[in-house]
Amino acid sequence: MSLDLAAVKAALAPGLSPAQWRDPAFLVDAGLALELSGEALRPRLLFVSNPGGPELCLRPDMTLPTAQGWLAEGAPGPALIGYEGRVFRAAAPDGSDRVETRAIGIERFADPDPAVADAEVLGATLDAVAAAGVAAPTIKLNDLSLFAAVLSALDLTEPWAGRLRAAAGRPRRLQALLETPVRLDPSDPARVLAGLPRTEALERARALVANLPGVLAGRSAETVAARLADKAAFADAPEPPAAAHAVFAALFAAKGSPEKVLERRRKALAGLDLGDWFARAGARLAAIRARIGPNAELFSDPLYQGNFWFYDGFLFSVRPKGAESRVVASGGRYDGLIGRLSDGSVQAGAVGCSILVEALEGAAS
C-alpha cells in the first residue's frame, strides 16, 4: 500500500494550509549540532566546507533549524509550524540507516498550557500514524525533567553535582555514571590534567587544545578546554554519592504503565522537595488520556532518551507492534533550547514531533 502523505499531513496538522508547511535551512552550525546532540553523533554528521566561517553540516534533524527560523521571525508568540523535507546522517556502521531520510513534523512554540500542548502533539502524531494505516502502535514515554529536579533537590557537592547535572537529559549516561567507576584511559588527553587545581587545569587544557585542532569541529577552544578540565576532575574521583545512587536506582527500576510509574516515583522520592513536579506530571498524563483515550497502551521507560540532547522534558516514541519494528515517530519537549539559541533573550517552551516517512511507509505496506 502506497503512503498517502497528504492524508498523513492533514491528520498531523489539520489547521495548517499547504503554504504553511516549511522546509527549513539545510545547513546548520556543526559545533552547535554536536553540543546539542553529543559526540556520539559526530560520525553521523555530514560536514560541509565553509572557508573563513564556522564549520557547517547538513541538518541531522528538523527541530534545530525550525526553532532558529521561529526566532529569526522575532519569536511572534504562540505558533504551530509544520515542516517537510530531508534530514541527513551518514550511514550507521551496520549500514541499516539511510543517508537521506524524508521527515515531516510539527513544532509548537510558547503554548500557554504545556500539558495540553504535550498531549496535543502526541495525539496528533498518533492521528498521523493511524492515517497511514498503523493501528494500536507501541507508545513509549519518559520525562527527562524529573532527573534534573531530583539532582537539584539532592544538593550534591562538586565534582559530582556538575557531572550528574550535565547528564540529567541522558538517563542511560546518568545510569552509567552512577553504576560504573570513573577511570580515564592512560592515553586520554585529560589524564595529564588530573589532580591539578581548576585554574591550572584550564590553562593546561587550552594548551592541549591548541595542539589538537581536530577536536574542535566547530566548537570554541574554550569550550573544549573546559570539558577536558571537567573530565580530568574525575580521573580519580571517589565513588558517586550514595544518596544519588539509591534514589536513581529506584527511578531506573520503575517501568510500566505511566500511572503506576508515577505512583512508584512519588513513593521513591517522598523525602525530596520537588516543588510541583508531580502536579505537572499528573496534569500532563490526564491531558494525554483525554486526548488519545483511556485505553491507549502507554509504556513508561525511565531510560528512554531519544536521539538529541536538547530534549529536557516530556519525551515519546511510536513504533508499530512487533519485535522487529522500527520507530516511525518521536518527539518531546525542549524548553531550554529557545533560551540557549537566543542567548537568553527569549524564554519560551517548545514541543514537537518528527515522523520518518520511509519508516512509516514500510510499516504501512
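Which residue forms a salt bridge with K140? The partner is D301, with the closest N and O atoms 3.5 Å apart; a salt bridge here is a side-chain nitrogen of Lys or Arg within 4 Å of a carboxyl oxygen of Asp or Glu. This pair links distant parts of the chain, since D301 sits in the loop between β8 and β9 while K140 belongs to strand β7, 161 residues away. Helices (H or I, at least four residues) and strands (E, at least two) are DSSP runs, numbered from the N terminus. D301 is buried, at a relative accessible area of 11%, whereas K140 is partly exposed at 25%. For these words, buried means under 20% relative accessible area, exposed over 50%, and partly exposed in between (1.4 Å probe, protein chains only).

A quick word on the model: it is predicted, so local features need pLDDT of at least 70 and side-chain atom pairs count only at pLDDT 80 or more, while totals for chains, interfaces and linings use all residues. Residues are numbered from 1 along each chain as its sequence is written, and side-chain values use heavy atoms, with hydrogens and water left out.

K140 also turns up in the strand pairing, where it stands opposite S317 in β9. Strands β7 and β9 run antiparallel to each other over six bridges; two strands pair if DSSP finds at least two bridges between them. On β9, S317 also stands opposite S330 in β10, and β9 pairs with β10 (residues 329-333) in the antiparallel sense over four bridges. Five of the six residues of β9 (314-319) are buried, so this strand is largely enclosed by the rest of the structure.

P258, V261, L262 and R265 are buried. These four cover an arc of only 100 degrees around the axis, which puts them on the same side of α11; the arc is that of the directions from the helix axis to the C-beta atoms. On the other side, K260 and K267 are exposed. Among the elements covering the buried residues are β7, α5, α10, α12 and β8, with contact meaning heavy atoms within 4.5 Å.

Back to salt bridges: the whole structure holds 19 of them. One of these joins E35 and R340, with the closest N and O atoms 2.6 Å apart. E35 lies in helix α2 and R340 in helix α13, so the pair ties together parts that are 305 residues apart in sequence.
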